[in-house]
Structure formats: C-alpha cells, structure tokens
Amino acid sequence: METQPNQNLGIVVTGSVEKGTEVRLDSSASVEDMVVGRYVTIEGKKRRFFGMVTDISLGVTDEQITISPPDTSDTFTAEILEGTATYGTLHVLPMLTIGGEVTTINEGPQPVKTVPSHFSRVKLASEADMETVFGKEDNSRFFIGNPLDMETKLCLNLEELVKRSNGIFGKSGTGKTFLTRLLLIGMLQKSKATNLIFDMHNEYGWAGSFEGGKGGVKALKQLFPSRVAVFTLDEENSRHRGVSTDFVVRIGYDEIEPEDIGLLRQTLNLTDQAVEAVYQLKRHFGKGWMQQTLDISDAADVETLLQSMNIHESSFANLKRGLATIRRLPFLVAHAQTNAVDNILGYLDRGINVVLEFGRHRDITTYMLVANMLARRIYQRYQEKTEVAMAGKVTPPTPLVITIEEAHKFLNHDIANQTIFGEIAREMRKYNVTLLVIDQRPSAIDEEIMSQLGTKITCLLDNERDIDSVLAGVSGKNDLKTVLARLAPKQQALIFGHAVPMPVAFRPRDWGTAKSYEEFTHENSSEKKAEKDIKELFE
Amino acid sequence: MNKIGEIVESTSTEFTAECYELHELPALGSLVKVTAVEMEIFGIVCQSGTAGIEPGRHPVARGKDEASEEAVYQSSPQLMKLLRSEFQVLVVGHIINGKTYQYLPSKPAHIHAFVQACSPEDIKQFSQSFDFLNIMLNNRLQIPTEELVAAGLREMSKAHADPHAFLIAAGKSLTVIFSGDYHRLKTILARLKQ
C-alpha cells in the first residue's frame, strides 16, 4: 500500500531531545514504503513537531522470533506477526515546532526544545506543512528542487544565503556542477548579489556538459545574455567552442606579487627558501621583479645578486624553475595592455555577473594563480569601497559572491591562512564579499573555514572523514549521516545551515530541457508582470 | 429455541450440562449460551464425553458378535438410558441488555437451565473483541489451553463472512497476549491455519 500524505504512520513511543524519537509503525503502514530523509509531522498535545526520518529499523517483541522465524511458506503466521510481534520503527529527529506558542505564530517554525509526548500521532508531512516551513516561491525565494519523494517546491531564501559563505560538496560526478549552476541562476534572479565565477572546467559561462546526455546544456550567458559577461583566459579555445566572450584576460608579469608565488609553493614544488627569495627579489627589483629575475642569465651577475641578498644558489635555481613554469602560460605577458581587475570590477559594478573561463588551462597551478591574484585585488577594492561607505559618503558596493572550484587546494590547513579565500571565508560579509566553495574533498578544507560556511549543500559523500567534516557542528549529526550516506549517486542532495530552517534532502529541479530553460527565464518576467498589474490596479 | 442440553452442575467459572440425546454433543470450542436472570451467559465447550449414569458401574464391551456399532445399541436398547453424554462449558462472558461483557457474570447459571447452541449472529456479536481469550488462557483445564483456544477460534470463524480475516485479527490479539512466549503462540497459530 502506498503511503499518502496525512496518513497515520504510527505513534511516538520513546524519545529524547538529543537522540530524537522512536516511532512505532502502525501495521497498516509498510516499512518498505518508508524512506530515510522523508518529512513527518508529529501531533503533540500542545504543539506540532516537524521532523525527518533518519533511520528505519525492524523490531521484535520476542527474541525467539529471530531465532526460529516462521517458515517462508507460512504466510498466515507471518501475516499475524506483522505489526504485532514484528514491527517497524522509525527514528524521527524532530527539528522544528509549529504553533503552540505566541512566538511560533509570529515568527514561524522554531527550533525544537522538547519532545512530543507519548503516543503522539505521526503523519507524513503534507504539501501545506512543507510550505509553512520552507516558504513559497517569491521575490527572494528560489525554487531549487523537490524534497525527496514529494512534489512540494523547496524554496531557498537567496537573500539570506548570500549573506554568508556557502559550500557545495559531493563526490566527483554527483552533480555539484549542476547544483552550482542552479544556485547561480537563483542568485542571479533573486538576490542583489553579483557573482564572480572562476570557471575551471568551462561549465558555467556559455554551455555546460551533461553527463550521460548528448551535447551540452545551456549555461548562464545563453539564458541571461544581458546579465552575464564571459571572460576568458584562452581565447582560441573559447572560439572553438563557439562562445561569445566579452573580454580576454591577459596578466602582466608585473602584476604577479610574491604572495602569489607563495601560494603556489606546493604546486610548483618550491622550497621555503625559494619563496623567501621572492620577497627579497621584489624588494630589490621592484615591480618588474619577475621579468628581471628570469632575464638574468650571466653567471657572474647571478652570483653578485645572490651574494648581495644572501640567497643560496640551489634556492634560486629552484625558484627559477618554478617561475619558468608560470612563464610558459600563454595568457601571461610581459605587460598587459588592459587591467583585468578593473574590467571585472567594471562589470560587477553594473550588476553584471562575470564568468572567467580557463579554457585549456585546467591545471591547478593556473587556476590557483589566477583565482588568487584576481580575487585578492578585487577583494581589496571591495574593502576600500566598504570602508569609504562606512564613513557614510557613498552606498556600499553590491554584495559579491565568488565561486571557486577545487576549494581544498586554496583552503587546506597549510595555506588557508595565506590565500585571500581563507580571509574572505573568515571575515565573511564584513566587506560584502562571500564565497561559494565547490569541492569534493571537504575533509581537506581547514576546519575553521568549514565552520564559517553558512549553508552547505552536499551530494553523496562516502568517505567517512569527508562526511564528518561536512556535518561538523550540526545538531543531529549522526542522524544526518545516515541520510547523507544514502543519497542517490546522482541528482540528490542534502542542504542544511543558515538559509534553510532545517536540513532537507532534495532532488534538484530539472535543467537541460527546453521547458526548464523557459521556466528559468520566464520566472522573473511573469512575476514582474504580476507586480506591475497589482501596481496598476491600485494607481 | 435450539436447546442442546441442561445444566447439571454450575459454578461461576464453568458449568456442566447433560445432552438430551446420547452422543449429540456440541463441537469442542463451540460457543453456547444459557439464559439466566436479566442476562445471557456465554461459554465455550471445553470438555465433553459420554459415560455410565452410575459412577461405580463401568460400561462393558458388548459388540463381539455384532456387525456394527448401531447393532450393539439395537440389541441392548437399555444402553440409551444407562449412558449419558455430558459437556463442560467454560464461562467467557455475558450479555446484558444487548451489551457484551467479556468477563465473568456476577452470578452463575442455574441448574436445569437450558443450554443453547449460538446462532451465527450471536457468535458475530460476541466475537467483536478478543478479551475472552484471556479467560480461556488463565484457567486450569483438563484440556490443553492451546487446543481449546484454537478450536474455539476455528468454530467462531465459521460464522464470519471472511473467516481468514477473523483468524488473522484473532491471531494478532494472541500475539499481544503471548508477547513473551513465542513457542506457545506458534503452537496455537499452527492449529488456526486452514
């Protein structure tokens, strides 16, 4: 028998605030219809509770049944024992209370501080219940998908979301890119924030790949041409893919600073002494340090230089080899004609979202170098602007969300303190800049930074350490672990944190069909039309 | 009135009735009723048998030269008067003013009251709940209680439109009662199967 919303599932038999409640299933509800991650409401005597099924188990009243179970052909006995001597139990984690107190009525659902009384009835949550908790699609709420096994629209408050740094996690191939694209569209439509996306795999700008499908899916620029600018590091590659780019990024040697090299210590295999030497060289040569360091070839010159700065020869050789690796990158030029940072800021100031495509430069060295360089300078500008705004002269800059992939490379324990992203994640929204971190190894990200992420969306993870690090500090962690470990390998995710009243497992909405594109692009226009109509009505 | 016997011994918990016809005994486990003052007392046949009228006189075998059992009785017609069939009934509930109570009545049935077989309607009304199972299981009877309970439920199920559903429901009640004694439960369930 299929379970219907509002059908009685069972009654609460035991429980604690810390561990959640045990619900004994009615014999009419089949244990096989229950799914972890589903929502239920518990009708307490004074208030209603809203909770999530986090575990399902089978119970027996007499251990003897497990030792000598009835014969499989004996359906009569099995039918009698079902629901009486053998029964199903649900472990339900109550998360919110609805109604009962004045504050709840005024402020909506509240976190749970007690447990429902004995024998409270448990039902599947209805669409109306879900709406009470997650709200309806409106100007600030974006429909991101459906809770598992439900038709209800799960809406995310994006205004709230962009106030903090957020993270999207999941094993490779679980749909992180898909979710990110969805979230970016949402932010573009429903929040005032602009996005800067460091697009390592060319997925977000023009067209994205679609695993299992033919051809690509439309990405931001194709759907919202007027609100998205595509920057590229690799013009040729972009042209081959038929992408109309707005700007080709060139970076001058003179723009690279010692800090940028410091970050690449691991990837370029530099020694500490070599990194130290960079700072000395900068001091010695000034802005053109990199060009000049690479240009020295005369052995005598090198020796005098090294002696004057007390740099060991092997360190210098090590550094030079590293710099040569960077120099081979085709987008690096001796001196860039136009300043990429100024250009990006120009677009961002006009509220246009910027996607920076890396083309064929997909190696992590390039990605880290460029993302760090640009982000640091952009963040500095934002910092200045915000400080000026704080003095009360101008309006603060529009909030900026920077999307980075392979985040553990930037935010791992060793270098999180040095990269600009570590700082952005920690200082949060002080300067109106937040991060959208995308990663497949959350355990490699610095704990402190993980704890600063406001909302986390995670697809399937199966490494114990990754799961622990994603769920660190969440109440009901052990219960959520079960839910997380049982997500489908594709197109299912768990969201929890600041922007949602309670954790929820969901299936992201469709992307890639003509209908889905239409829904995305028309969502706003129809809403605006309705708003306009209402305005006109009252004029 | 479908009377099958007359009470010859009566207590609060059980009574014994003699059949009007030799060997015309009600089935083991069948539900019978006795009309008493202001109420009808219900019971389940828990034991039955036939013996000589005088306790000291044991019947002797008489059929050595007879062709059949009937022939024995035909050649010795006095047997019909010297033997009697009796059955014992365990009291399991009563009905007062149309309302069923599945516990012992305040007073026992009278001696010489008529015992009647229950109609399907009576059985349906009485077996709406299974509280009577407790009385059956908590009595020390000569017959194994598992046998009696199974027989009683089998008999009752015949009156119901869906005997299977009735037996399942009864089985579930038994499961609750025997929650700590799976083997006894299994014994009864094995005897309920059709």
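Visitor: Which residues have the most contacts inside the largest nonpolar core?

Guide: In soluble globular proteins, nonpolar side chains tend to be buried together. A nonpolar core is a set of buried Ala, Val, Leu, Ile, Met, Phe, Trp, Tyr and Cys residues joined through side-chain atoms within 4.5 Å, where buried means under 20% relative accessible area (1.4 Å probe, protein chains only). In this predicted model, the largest such core has 145 residues, and those with the most contacts inside it are Leu183(A), Phe198(A), Ile326(A), Ile402(A) and Phe421(A). Helix α16 of chain A (residues 364-390) gives the largest share of this core, twelve residues, a helix being a DSSP run of H or I with at least four residues, numbered from the N terminus. A second, separate core of 39 residues includes Phe130(B) and Leu185(B).

Visitor: How many residues of chain A are in contact with chain B?

Guide: Contact means heavy atoms within 4.5 Å, and here 16 residues of chain A are in contact with 16 residues of chain B.

Visitor: Which side chains meet in a salt bridge?

Guide: A salt bridge is a side-chain nitrogen of Lys or Arg within 4 Å of a carboxyl oxygen of Asp or Glu. The rule finds one across the interface of chain A and chain B, and Lys193(B) and Asp74(A) meet in a salt bridge at 3.4 Å, N to O.

Technical notes. Residues are numbered from 1 along each chain as its sequence is written. Chains are lettered from A and ligands numbered from 1 in the order in which they are written. This is a predicted model: local features need pLDDT of at least 70, side-chain atom pairs count only at pLDDT 80 or more; totals for chains, interfaces and linings use all residues. Side-chain values use heavy atoms; hydrogens and water are left out. Buried means under 20% relative accessible area, exposed over 50%, partly exposed in between (1.4 Å probe, protein chains only). Helices (H or I, at least four residues) and strands (E, at least two) are DSSP runs, numbered from the N terminus.
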